[in-house]
Amino acid sequence: MAAPKQSAKEPVKFIGGHRACAGCGFPILLKQMFSSTKDPVVIVSATGCLEVTSTIFPFSAWKVPFMHNAFENSAATCSGVEGAYRSLKKQGKENQNIKFVAIGGDGGTYDIGLQSLSGAMERRHDMLYITYNNEAYMNTGIQRSSATIMGAHTTTSPAGKVVHGKTQNSKNLTEILVAHEIPYVAQTTVAFWQDATSKFSKAFSIEGPKFINALSPCVPGWGYHMSQTVKVSKMAVETNLWPLYEVENGVYKINYKPKERMGIEEYLKLQARFAHLLKPENKEIVENIQKFIDWRWEQLLKKEEMTNKK
Amino acid sequence: MEKTIVARTGNEAMAEAMRQINPDVCAAYPITPATEIMQIFSSFVNDGLVKTNLITVESEHSAISACMGSAASGARTMTATSSQGLALMHEILYIASALRLPIVLAEVNRALSGPINIHCDHSDTMGERDAGWIQIYAENSQEAYDLLINAVRIAEHRDVSLPIMVSTDGFIISHEMERLEMYPDSEIQKFIGEYKPNYNLLNIDNPITVGSLVLTDYYLEHKRVQHEAMKNAMKVIPEIFAEFKKVFGRQYDFVENYKCDDADYILICLGSTAGTSKVAVEELRQEGIKAGLLKIRVFRPFPAEEIVKYISKAKAIAILDRSESLSTQAGPVATEVKAALYDAGKIIPMQSYVYGLGGREIYVDQIKDVYRKLKNTKISEQVKYLGVKE
Ligand SMILES: Cc1ncc(C[n+]2csc(CCOP(=O)(O)OP(=O)(O)O)c2C)c(N)n1
Ligand code: SF4
Ligand SMILES: [Mg+2]
């Protein structure tokens, strides 16, 4: 694990010149990831903001090998990369110690790429899959995904006169990955540097499939000022909306338990995508969101307790 | 060279070729009638006969995606599929060719749904004819075996560097036992040589970005380069075929000219129907009808000049398409042959047929009838259905 000061001195692997918005979450995440291993890293990315903003030909922001194939297949493509490496290594034609990372947005992971991800995890490829979860299809103009939380306004779940944003809760993808019984599954977010880097470090130290779900704020998609990225990310944790936890070989560990969880309204207030929920007539939706967050948190506590029983 | 004579189905022949090619990686997913190729190959893997890392993916979309990751990482890579499987790969086939990855795909032709059908026609590969892959159609097990071996060399040639599919007719060839002459493993290895990738993602010291976003300023140039690579394939394919002949003694070409030189009436088709048509040609010639057959073996790149060379003196031509483009005009083979003749300034009466869809049988008598109609009846500009119940 590298402290921010230390990692500032390391050679930059994701360089300036990319076109991600000021205040975007994923460049922070990439820095955290790169500072968590000394081994060479090969990246395979899905289509989405991360890829389109960083590889506009002939420019590339990547100082490590980077491959993009399509939207729904970063895990499958990475399976092939890792498969080739494994084959060549066995034949004595390859002697480097490479870490393989597949990346996708929430759309490329929760939705269209779920099958490809599930297959790669089941086959036990030695790769770390990271989803930078900004809770919508940002690259195509902020459409809802199954990671979008209830009530959020997106361009395909607009805050209308009758329907007030997304009507479903988010899918619990982290738990779906836990059900794959892989060695390591974790949730983190950009505001918690220590948490993120220690999770990346741990993931890199484990052989086999690993999955990290990282909440990654999006300035235009969420509707907050670009200076507030860290704050929004932090509030998602303080409200228990996005618990920091990890599951190592089936054993749950909640890495941070807020002394007193903040009410979700505080979080909603920060972001334009929830503005309509603050109207008195939408009070019930906010209550439902709160209930759901508390229910999920309770479930998580129980899982932690159950899996830590001696 | 010592040749072993064995009895093999088309699928077995392709699996044997794969064993002898011994790729670094193979990622595939089962589908009738290609399934067997991977089943046999899986045994080769688990019996330690090949060094291949077999990735048993969860779909054909992932199969071709994994193949791309593998080929981009410096590994010789193969896969096999049919029909819906190839269609599911559609999106990625274009990316594989654009990234110039010499993946070799063993294809077994099967009708596309719907209605769902597992039998032979060419709608699957014809649906991918513009995907930037080299396409070769085999007539029998021997061709399937030989051409799959040639395919490795063609795809990996530096001036080509394109993915390639070699196909056989589902069930008709894939499941039919035939005489096969096999060559020694060592000779195959010598012929194909080491895979030397054009670029390698695993080169850590010289990191590259593969699969960039290319906007209006460079996209056209990227496609232009692919166009040139296909043109290079036109040059390289005969060179590799010639080398193959030198080593293994069998001659291949873009097309097979079967008695076209003095023919008044020429039939053009792909795949196993050529075998049936040869019998028809022989029988008609006994009757004094000068029949000829031109089998198109390489469909991509399209050997327009080669085709025109053999058919330009015919009085009339019949083209058999084993797929429908539903344009209400002719099928894809007829359309492209017509264009080739136009470019050569030739107007020859041509009857186009759609036949054999969904595995409908085609018999010698039907083909003889096609020739006779060329001779005796007025040619229609409308496409005709052969063997349909009306
Ligand atoms: C098969 C396919 N369907 C749709 C698209 C269009 N598309 C490109 S990126 C994207 C959304 C990406 O969303 P996400 O994965 O969440 O990444 P983000 O842009 O939010 O970073 C969509 C719908 C595509 N490229 N391919
Ligand atoms: S739209 Fe959102 S995810 Fe995309 S680059 Fe901008 S801040 Fe990042
Ligand atoms: Mg997203």
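This tour visits a domain boundary, a chain interface and a ligand site in a predicted model.

**Stop 1: the two domains of chain B**

Select residues 4–248 of chain B, then 255–386. The domain assignment calls these domain 1 and domain 2 of chain B. Their C-alpha centres lie 27 Å apart. The contact draws 27 residues from domain 1 of chain B and 26 residues from domain 2 of chain B.

Colour the surface between them. About 2,000 Å² is buried between domain 1 and domain 2 of chain B. Carbon and sulfur atoms supply 61% of that area.

Now go to the charges. Six salt bridges link domain 1 of chain B with domain 2 of chain B. Show the side chains of K295(B) and E143(B). They form a salt bridge, with the closest N and O atoms 2.5 Å apart.

Which elements of domain 1 of chain B give two or more residues to the side touching domain 2 of chain B? Select α5 (123–126), β6 (134–137), α6 (141–156) and α8 (219–248) of chain B. α8(B) gives the largest share, five residues. By class, this side of domain 1 of chain B has 16 nonpolar, five polar and six charged residues.

**Stop 2: chain B against chain A**

Zoom out to show both chains. Here 41 residues of chain B are in contact with 42 residues of chain A. Chain B and chain A bury about 3,100 Å² between them, and 62% of it is on carbon and sulfur atoms. Pick out L202(B), I204(B) and L213(B). In chain B these lose the most area to chain A, together 20% of what that side buries.

Two salt bridges are counted between chain B and chain A. Select K93(A) and E194(B): their side chains meet in a salt bridge at 3.9 Å, N to O.

Next, highlight β3 (53–56), α3 (60–72), α4 (83–98) and β9 (209–210) of chain B. Each supplies at least two residues of the side of chain B that touches chain A. Which of the elements gives the most? It is α3(B), with eight residues. That side of chain B divides into 20 nonpolar, 15 polar and six charged residues.

**Stop 3: ligand 2**

Finish in chain A. Centre on ligand 2 and show A20(A), C21(A), C24(A), F26(A), C49(A), N134(A), C218(A), V219(A) and P220(A), the residues around it. This shell has eight nonpolar residues, one polar and no charged.

Technical notes: Residues numbered from 1 in each chain as written. Chains lettered and ligands numbered in written order. Predicted model: local features only at pLDDT ≥ 70, side-chain atom pairs only at ≥ 80, totals over all residues. Heavy atoms only, no water. Domains from an automatic or database assignment. Contact = heavy atoms within 4.5 Å. Buried area = accessible area lost by both parts, 1.4 Å probe. Salt bridge = Lys/Arg side-chain N within 4 Å of Asp/Glu carboxyl O. Helix = DSSP H or I, 4+ residues; strand = E, 2+ residues; numbered from the N terminus. Nonpolar A, V, L, I, M, F, W, Y, C, P; charged D, E, K, R; others polar. Near = heavy atom within 4 Å.
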